[in-house]
Amino acid sequence: MTPYVNQLLDKARWRRELEMRAKKGNTMSERLAEALRTELREILEAGGKSFDVQVARHLYDFAIAAKDLLTVSAKSVEATIKVINDLNGPVESLTQDGDPVPFEQASETFGTRMMREVLAALPLLMKKPDDPKQLVHALAEARATGMDDVARELEIKLFGHMITPDPEDLEKLTQKYLGQADIEVPVGSFAHGLADGRAGKSRAYETQEYAEGYVRGATNGVHHQCEP
Amino acid sequence: VKWFFPAWNGDFRLVEGAEGETQLLIMQPTPVELKMLDAFLKVARKKKWTTEKIADDEGITTRTIRLAASITDAGPALVKIVKPKDRTLTAVAFKDGKFEVAETGGLETLVAKAKKADATAAVSVARPTPCCPRCEVGAIAPASEVLQAFLSPEEHETWAKHRAIMVTGGTSGHQYLLAHRHSRTAAQLGKICYDADDRFVLHFHDSSVPPEEEILAAKLILEHREPWLRNEATVLQLDEKGGWHDLGFMRYKNPFGDASDGRGDAALTAAFGNVAPIAVQIYKAMQGNA
């Protein structure tokens, strides 16, 4: 491994260990720690003898045993998930919580998601579009044969909205917005004629008041004498 | 007996019917899958199992096709067409809860055994790809029928509770945690598989099948063909600059290539990820102009 990787790894492990201890309170018990310290002291003192190969060997065996004794391996789903949760990630990793995701991985993650979404939408995209020429012919035929409902559907397909309003709908709308409206306008004004006409009443322009009002409104009050 | 073939939108499945008949159920196939199914139906028509066809522009979503063949005849023929030959593992579950596996080359022997014994379900899974899109938290559906057919009661329980299971590597004996790709655990790990003994992540994924089928494939392969998923291409760690490093964890030889296995797929997906936003912008601009 390169020094760069070793450095990364050391840093990551050190931080992980600290986090793990802080979050889990998972430090060695005082009793066990004291027992290990005592054992280590005894090995090093070696009954007053000098530090030789035998003592070194003893120390090495002790280190291995202590490591095995203190290593806790998660074996259940709950325990493993807890460790991952505590560290917000794997224990052995070259990245830390909060590090930015490398560009290539971000692109790949996005690409994978997009592929799934594009393929999910594909059935809609693959649907064969209607031929506009055929639609126009069909619309003409529907109109010619008096199939207004079909014609309206075809108009929506072709233009995205209805062009010719349904006569019944138109009547209903007129009734709704104008027929029941309480419109107050001066009798004989331009607006009076318009309101009367739209409200389905008798054609107001047939009356003298309307005719005068219309002329006033349309000509800004100036009467023009029509040439005979 | 049902034989599952994990696909993009669920599983195609062969269901054993009466009098040696089999039904092929197709679940929302993608265009590529439609082509593969068409190739299978060509074989089936040749063998006079069916007269059905799939049209080029067929907009089918889900459909059943009757085959005048037993599941033990139709199954191997379908595996050879819809799954890669060299990296597919077929598992058969028996009534006593045990299951046996075979690669496509040895499928006939397994099928013969399944014919004699009381088989309950079968599944053919492809090896996931080494490398590397990150897992993200998302919607999790109820456990699929195929996953349930191959989980022990204990695994079932932990799956229901945590959407994760623990499996033992068939060769190394290592304990692996496999988590649903949309679970919080997988999002924290970045991947679906974590070695609980060595405490690192194994880099592989299979986005071409639904999440539960991905877990099933990983479980079966780790238990029965561990080197397929624990090798120099998957036991690598990514640093924050995007570099890959071998930290010296125990691994096997990759039977399908070297450490670069899967990088081609990764590059292609990343390229798609880079181009897709631009394509969307162009499309939006065109819509705006129209």
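In this predicted model, B:Arg163 sits in the loop that joins helix H5 (153-162) to strand S9 (164-168) of chain B. The phi angle of B:Arg163 is near 55°, a positive value in a residue other than glycine. B:Arg163 is buried because its relative accessible area of 17% falls under the 20% cut-off.

A positive phi also occurs in chain A, at A:Asn88, where the angle is near 50° and the residue is again not glycine. A:Asn88 belongs to the loop between helix H4 (77-87) and helix H5 (103-126) of chain A, and with a relative accessible area of 30% A:Asn88 is partly exposed.

A further positive phi is found at B:Lys48, which follows helix H1 of chain B.

| Residue | Phi |
|---|---|
| A:Asn88 | near 50° |
| B:Arg163 | near 55° |
| B:Lys48 | near 60° |

Helix H1 of chain B, covering residues 31-46, has 16 residues and reaches 23 Å from its first C-alpha to its last, which is close to the 22 Å expected at 1.5 Å a residue. Which residues of H1(B) are buried? They are B:Glu33, B:Leu34, B:Leu37, B:Asp38, B:Phe40, B:Leu41 and B:Ala44. An α-helix has 3.6 residues a turn, so residues three or four places apart point the same way.

The buried residues of H1(B) pack against strands S1 (2-7), S2 (10-16), S3 (22-27) and S4 (62-67), and also against helix H2 (71-82), of chain B.

Technical notes:
Residues are numbered from 1 along each chain as its sequence is written. Chains are lettered from A and ligands numbered from 1 in the order in which they are written. This is a predicted model: local features need pLDDT of at least 70, side-chain atom pairs count only at pLDDT 80 or more; totals for chains, interfaces and linings use all residues. Side-chain values use heavy atoms; hydrogens and water are left out. Helices (H or I, at least four residues) and strands (E, at least two) are DSSP runs, numbered from the N terminus. Buried means under 20% relative accessible area, exposed over 50%, partly exposed in between (1.4 Å probe, protein chains only). The expected span of a helix is 1.5 Å times one less than its number of residues. Contact means heavy atoms within 4.5 Å.
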